Amino acid sequence: MINTYHTSLPPPPVPPRQGAHRPATGRATPLLWFLSVVMVLQMGVTFGGFVYLFRKSSTISQAAEKVGFLSGSVPFQDSGVVAHMAPESDSGSFTSKTLKWNRAHSLLVKVTYLYTPGALKILIPGEYYVYSQVTFSKMHPKAPLFHSIVSRRSMENKVLLRAYASLNNEKPLTSFQGGVFKLEKDEELSLNVTDTSLVNLEVTSTTFGLFML
Ligand SMILES: *[C@@H]1O[C@H](CO)[C@@H](O)[C@H](O)[C@H]1NC(C)=O
């Protein structure tokens, strides 16, 4: 009886289970380590991919600048509201006050250019930094040289910023001005000068632009 009691008594499935649980937790730690390493590696690969894409896009924009061709098509597609205008080479052939811009060689993202008044039309209202740079290569016999950023809002014209310049001994002179303005939807901005025939119309010498802050 005692023997059978003893033999029937050791049903030790409980201690082996406890024993089996311990090695299981011991195995779980390397598994956790492995998963952590995989996660870290994957994060590294993702970050590396971002760095690669960022470098690639910046080299594309550098290449576009080297060619001297500013286009809204490739590198600035996902950027904010921005415009940087290249002068129209024949806009000085007729006497006018408003400079015209070459749409194909300009950078325009989420801003429209209206050729007829020669104005940038705001599509998204907000605070903008607006700038203009003009190089004068000739004097005017009577009037002072200036460039004005003119705003047209619901038929009302207003000068936002004006810079005066004076030529010494007929050498070219570059004048730059820029400022922050709150612009409304459909507001039109153009650049008036004393006379467009006095202006040097090289891409790098005369420009007009803006970007949203
Ligand atoms: C800007 O020039 C245009 C002509 O191109 C003229 O009609 C307009 O009055 C000028 N605006 C200002 C504020 O000088």
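**Exercise 1.** Is Met-155 buried or exposed?

*Solution.* The model is predicted: local features need pLDDT of at least 70 and side-chain atom pairs count only at pLDDT 80 or more, while totals for chains, interfaces and linings use all residues. Residues are numbered from 1 along each chain as its sequence is written, and side-chain values use heavy atoms, leaving out hydrogens and water.

Step 1. Buried means under 20% relative accessible area, exposed over 50%, and partly exposed in between (1.4 Å probe, protein chains only).
Step 2. Met-155 has 70% relative accessibility, so Met-155 counts as exposed.
Step 3. Met-155 sits in the loop joining strand S6 (145–153) to strand S7 (156–165); strands are DSSP runs (E, at least two residues), numbered from the N terminus, and helices are such runs of H or I with at least four.

**Exercise 2.** Determine the class of Val-38 and its location.

*Solution.*
Step 1. Val-38 belongs to helix H2 (residues 14–67).
Step 2. Its relative accessible area is 35%, so Val-38 is partly exposed.

**Exercise 3.** Describe the surroundings of the ligand.

*Solution.*
Step 1. Around the ligand are Ser-96, Lys-97, Thr-98, Val-150, Val-159 and Asn-192, where a residue is near if one of its heavy atoms lies within 4 Å.
Step 2. A polar contact is a pair of N or O atoms within 3.5 Å; within protein, one must be able to donate a hydrogen and the other to accept it, and residues adjacent in sequence count only if both atoms are side-chain atoms.
Step 3. A ligand oxygen is 2.6 Å from a side-chain N or O atom of Thr-98, and a polar side-chain atom of Asn-192 lies 2.4 Å from a ligand oxygen.
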